[in-house]
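Okay, thanks for coming, everyone.

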Amino acid sequence: MADIHERRIVVLISGSGSNLQALIDALNTPALPQTRIVLVLSNRKAAYGLTRAQQANPSIPTAYLGLQPYLKANPDRTRYDYDVEVAKIVVKEKPDLIVLAGWMHIMSEGFLDVVCGEKPFDGEEKVQKSIPVINLHPALPGAFDGAHAIERAYEAFQKGEIAHTGAMVHRVVKEVDRGEPVVVQQVEIKEGEPIEAFEERLHKTEWEIIVKGAAKVLDEVAPIQ
Ligand code: GRF
């Protein structure tokens, strides 16, 4: 019987978790076969995404680590140390892929250095094989980097500065929202459409591409035998 290699994902969230839900619903379907979410980590205690993980079937382990509580508990530590701590929690799960799905915290090199195996995460212990990290961003490559990209695109359309926008899944590098795109999907903005309706259509696109992006990178690093 063929060796069923289970592909392991860790998902980082901060909020409602509707994109996490899209991944959960796609697990072990043709869209995301032989895959398990082994941990959902949030930097916000009240993130509804944690509830979605706990209510999944089977339930998904969760963890929480907030930046401010961490710095308060460790006055001599920095944001860089916090990011190393987050990476430590993540790499201990031995994921094939790390997905930032609505993770509202800009990762410093502290995180990337550990998951790429450049820096140790425990004593001398280093990750043996660089773990890919992807992020979901509600805009086209290079268009509206950073926060509030949906609102900014909507306003730019009203001013006639753009004809359409979109969403992307991209690899995470040190420059915010600048890593190589993995999946890009255009989303039109309709004349006279209220922002709520536009936002809903954009989120639907995000739910599709987060699954496609995860599957694409998993097939690169842990192809189905
Ligand atoms: C998504 O629109 C994502 O692009 C942005 O934050 C939102 C998260 O939504 N960075 P959810 O928490 O997955 O519902």
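Predicted model: local features only at pLDDT ≥ 70, side-chain atom pairs only at ≥ 80, totals over all residues.

Now let's zoom in on strand E1, which covers residues 7-13. Is E1 mostly enclosed, or mostly open? Well, buried here means under 20% relative accessible area. Six of the seven residues of E1 are buried, so the strand is largely enclosed by the rest of the structure.

Who are its partners? On one side there's E2, residues 35-42, running parallel to E1 and joined to it by seven bridges. If you want a spot to look for on the screen, find Arg 7, which sits opposite Thr 35 of E2. E1 and E2 also go together with helix H1 in a β-α-β unit, and that unit is right-handed.

Then there's E4, residues 97-100, which is parallel to E1 as well, with four bridges between them. Two pairs to look for here: Ile 9 is opposite Leu 97, and Val 11 is opposite Val 99.

While we're on strands, a quick reminder: in a regular strand, side chains alternate between the two faces of the sheet.

The largest pocket holds about 820 Å³ of space. It has 36 lining residues, and the ones closest to the centre are Gly 102, Trp 103, Met 104, Leu 136 and Pro 138. Which elements supply at least two residues each to that lining? They're helix H1 at 18-26, strand E5 at 133-137, helix H6 at 149-158, strand E6 at 164-171 and helix H7 at 195-221. By class, the lining has 15 nonpolar, 14 polar and seven charged residues.

The second largest pocket comes in at about 290 Å³. Fifteen residues line that one, with Lys 94, Val 127, Gln 128, Lys 129 and Ile 131 nearest the centre. Its lining splits into seven nonpolar, two polar and six charged residues.

Notes. Residues numbered from 1 in each chain as written. Heavy atoms only, no water. 1 Å grid on protein atoms, 1.4 Å probe; cavity = no way out; pocket = protein on both sides within 12 Å on 5 of 7 lines; lining within 4 Å. Points joined across faces, edges and corners; volume = space filled by probe spheres on them. Nonpolar A, V, L, I, M, F, W, Y, C, P; charged D, E, K, R; others polar. Buried < 20%, exposed > 50% of the residue type's maximum accessible area, 1.4 Å probe, protein only. Pairing = 2+ DSSP bridges. Right-handed = clockwise from strand over helix to strand, strands pointing away.
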